[in-house]
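Let's take a walk through this structure together. Keep the sequence and the 3D view side by side as you read.

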Amino acid sequence: MADKYTQLVSQGLGKDLAKRLGLPQPVELRRYSAGAPLVTGPVLVSGDSPGADDIATTLLGWGLDVRRNALPKEKLGAIVLVLDAVQHPDDLAKPVLTAGSSLRDLAVNARVVTISRTADSAQSPASAAARQGIDGFLRSLAKELRAGATANGILLADDLATTSPSALGALRFFLSGRSAYVDGQFLTVSSTKGIMPGDPEKPLAGKVAVVTGAARGIGAAIARTLHRDGATVVAVDIPAAGDHLARVANEVRGTALQLDISRDDAGHRIIEHAVERHGRLDIVVHNAGITRDRLLANMDEGRWRSVIAVNIAAQLRINEALLASEHFKDSPRIVSVASTSGIAGNRGQTNYGASKGGVIGMVRSTADHMEPFGGTINAVAPGFIETEMTAKMPFAIREAARRLNSLKQGGQPQDVAEAIAFLASDAAGGITGGVLRVCGQQLVGA
Ligand SMILES: NC(=O)c1ccc[n+]([C@@H]2O[C@H](COP(=O)([O-])OP(=O)(O)OC[C@H]3O[C@@H](n4cnc5c(N)ncnc54)[C@H](O)[C@@H]3O)[C@@H](O)[C@H]2O)c1
């Protein structure tokens, strides 16, 4: 559901007025709905490497209307720019300018996706320059697109084909309505471990997933989305949120676990509940989080300690229990909710920023511990999301925060949930230790 301003400037007089006054003109984003096409309109696959040919063949197999050369004046649903073979910054000009000449023909809510290689693994300075150049290119391009269109990139390790399973999983995610509020971001695929789901509409079929902080807001949306994708959900929240928690658990036909995640035995309780009630545990989503904002000059110990305790110390302790458990060894997934405040910083949130930066550090370090049994751990960092938390912000600050991103609007809890559902799926098995921002490409900060 778009905010009131977005509704006002989407049609009629409001649209004309906003255009004339140069006001932001957000459009209603294309979000996932069951049975809707992956992309609306033809897909241009640009690039002349064998990897580009393989991508074109795969997209044809997905039933998409694929072009290797754009037709004049045809509205494109997406451009996939395959740059896996670039060796020098000079190599970028041709594919990039060819794609650029089609940008005016992008449909509303279109997608641009680059596929290239990680700069860290480059064998020469020129190759590293070309690969890292794609990072700056993509993020700049995302800021140029309009009308709900987004640009995101997939980074492949050197030995991976463009059609390795998690590369295709990431491509489907970026092309689809599931990535509506992800813009100017990269997903790194480091191994061939992903498996594409048999049924793309039920990628989590047979999985048991725990979601903390599930009684409301983003957590409730995560519970609904994982259920929609086929998972059995254990909804966790504090006893004081018991009524709301029971409602969400009933709605998703899962079970409720009343638990303060900062308790010493929280990890044990989560594993015990999942295994006793549902026979297994595959996915843990660390979503529960709190804010206790104060400028550092006014910060008391209680505010500092409580935010660290819930937002990061609890996750560390629960992960220790998960990693030690025999019930969490079958290609399990952990997805942790960070925040752009932990990346770019936010005035009044030194405690929160420390806790969310901590989540990112924890995720990077834990990836190696999950790898031996095919497990992955990733973080999702939301920007401005329309929730009870952000509804309480003063009007002017809220309105500014909402518009200061490339999509000129706040995200929905659903948008965060979609990114988590993707990272929790088998298709994302080759993606680990990373952070995916769901922020509409926030324009302030890093
Ligand atoms: N709303 C945003 O714009 C935004 C932006 C960035 C990150 N986030 C993060 O997303 C997550 C969810 O945010 P939200 O906006 O839905 O918040 P919210 O306050 O609406 O919901 C958080 C839930 O966590 C539960 N919770 C708190 N402490 C707990 C504990 N000790 N044990 C168990 N449950 C506990 C609460 O009862 C509540 O149901 C948080 O980690 C938050 O930091 C939110």
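**A strand on the inside**

Start with strand β5: T150, N152, I154 and L156 point one way from it, A151, G153 and L155 point the other way, and all are buried (under 20% relative accessible area, using a 1.4 Å probe and protein chains only). In a regular strand, side chains alternate between the two faces of the sheet. With 7 of its 7 residues buried, β5 (residues 150–156) is largely enclosed by the rest of the structure. Strands here are DSSP runs of E with at least two residues, and helices are runs of H or I with at least four, numbered from the N terminus.

Before going on, note that this is a predicted model: local features need pLDDT of at least 70, side-chain atom pairs count only at pLDDT 80 or more, and totals for chains, interfaces and linings use all residues. Residues are numbered from 1 along each chain as its sequence is written, and side-chain values use heavy atoms, leaving out hydrogens and water.

Now look at the neighbours of β5. Strand β4 (residues 106–117) runs parallel to β5 and is joined to it by 7 bridges (strands pair if DSSP finds at least two bridges between them). Here V113 stands opposite N152. Strand β6 (residues 186–189) also runs parallel to β5, with 4 bridges, and L156 has V189 as its bridge partner.

Finally, find the ligand. A backbone N or O atom of I218 lies 2.8 Å from a ligand oxygen atom, while one of I261 lies 3.0 Å from a ligand nitrogen atom.

Conventions: Polar contact = N/O pair within 3.5 Å; in protein donor to acceptor, adjacent residues only side chain to side chain. Buried < 20%, exposed > 50% of the residue type's maximum accessible area, 1.4 Å probe, protein only.
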